[in-house]
Amino acid sequence: MQRCLQLALIGAGNVAPNPMVGAVLVHNNRIIGEGYHQQFGKAHAEVNCINSVNEADKYLIANSILYVSLEPCAHFGKTPPCANLIIEYKIPTVIIGCSDQYHEVNGKGIAKLRAAGIEVIIGILEEKAKAINKRFFTFYHLQRPYIILKWAQTNDHRIAKADFSSIQISNDYSNRLVHKWRSEEAAIMVGTNTALHDNPSLTNKLWQGKNPIRVIIDKKLQLPASHQLFSGEAKTIVFNNIKNEIAGSVEFCRIDELQPALPQILYYLYQQNILSLLVEGGSILLQSFIDSGLWDEARIITNTKMIIGKGIASPILSNQLLIQSESRGYDLIEHYEPATNNPATKH
């Protein structure tokens, strides 16, 4: 099962809004097949695993054990049901990391396998299996993207100069790491001031993989068309109070100015099957997510040697639990999660 989880993670950034899944086929303690879900809309892990078995070993499949990190699907979607394939190959035992909360599955895959006489064992490395698909579970349970807050701050808790001009806070390692984070998420978001003053591209030039969808709040449509966010390198969604319009790779989405913005934005992203959202600034936007309790992770990079005095204060995290910390040069990289457990991963 540990190998299943390793394989599943290779699909990070490429399979959303599907979950990451790994599968391993074992005969007499020898792995004869491995696979993982590689691309949204393409073959699932179980299919790739069975297809990877050498021709000389095909006859062993019906006497093997299939390990899979997530419950096999039992419905027709973009691909046929994996449960049907397992039954077709007469695999006698299936060992599963965790069940699937998605309403089209949610125990149906397990029931289908057992009805066909297959032995099913569930709950092996269950918490780890849930953790790698926390985005998927959050998305379907809470009907919003999985939300990661990220910012870099000086040692005196400033994220920019007083005039909103940006400063280079994090080092080369941290900058590359941030671009890796971008490649792993479906969308990335900034507020009006950050977009206006920093003119960011919000792409992942320092890492491989596709760029995230860019999400901007620009209620009065102040951003000039010459800004990098409108470059066409990635799709951009601009939430505003004025218009609904699509212009090339840019979608303008009108929200009701008399209602809170964040719930409207998050529900729209949910409707667009955007599984996860990395919020990179600015301070007001980040704090609004914190104050609303709308966050699942926070990643804070602190330059422990830099002090600038006057400047834009960094957000203040509350109800947090430190789960990981590392130092790279002067940069302290800390990962937090809410102290209250996310109900989406408890199923």
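Which residue in S4 does Tyr67 stand opposite? It's Ile95. Keep in mind as we go that this is a predicted model.

S3 covers residues 65–70 and S4 covers residues 93–98, and the two pair in the parallel sense over five bridges.

Five strands make an open sheet, and if you walk across it the order is S2-S1-S3-S4-S5, with mixed pairing. At the edges you have S2, residues 30–36, and S5; each has a single partner strand, so one side of each is left without a neighbour in the sheet. On average, neighbouring strands here are turned by 20° against each other, ignoring direction.

What packs on this sheet? Helix H1, residues 2–9, does, and the strands touched by H1 are S1 (22–27), S2 and S3. The direction of H1 makes about 145° with that of S1.

Ser69 has a relative accessible area of 2%, and because the cut-off for buried is under 20%, we call Ser69 buried. Who is around it? Setting aside neighbours within four places in sequence, the contacts of Ser69 include Met1, Cys4, Leu5 and Ala8, then Met20, Val21 and Gly22, and also Gly97, Cys98 and Ala129.

Is Ile121 buried, exposed or partly exposed? At 32% relative accessibility, Ile121 counts as partly exposed. Together with Ile124 and Leu125, Ile121 makes a nonpolar surface patch of about 200 Å².

Next, a loop. Lys220 lies between strand S9 (213–217) and strand S10 (236–240). Lys220 is exposed, with a relative accessibility of 65%. If you want a distance to check on screen, go from Lys220 to Ala186: they're 34 residues apart in sequence, and C-alpha to C-alpha they're 25 Å apart in space.

Last stop is helix H10, residues 283–291. The buried residues there include Ser283, Leu285, Leu286, Gln287, Phe289 and Ile290. For background, an α-helix has 3.6 residues a turn, so residues three or four places apart point the same way. After H10 comes Gly293, with a positive phi near 70°.

That's my tour; happy to go back to any of these spots on the screen.

Methods:
Residues numbered from 1 in each chain as written. Predicted model: local features only at pLDDT ≥ 70, side-chain atom pairs only at ≥ 80, totals over all residues. Heavy atoms only, no water. Patch = residues over 30% accessible without salt bridge, like charges linked within 9 Å, V, L, I, M, F, W, Y side chains within 5 Å. Areas by Shrake-Rupley, 256 points an atom, 1.4 Å probe, with all protein chains shown as cover. Salt bridge = Lys/Arg side-chain N within 4 Å of Asp/Glu carboxyl O. Buried < 20%, exposed > 50% of the residue type's maximum accessible area, 1.4 Å probe, protein only. Helix = DSSP H or I, 4+ residues; strand = E, 2+ residues; numbered from the N terminus. Pairing = 2+ DSSP bridges. Axes fitted to C-alpha atoms, helices over the stretch in contact; angles between N-to-C directions. Contact = heavy atoms within 4.5 Å.
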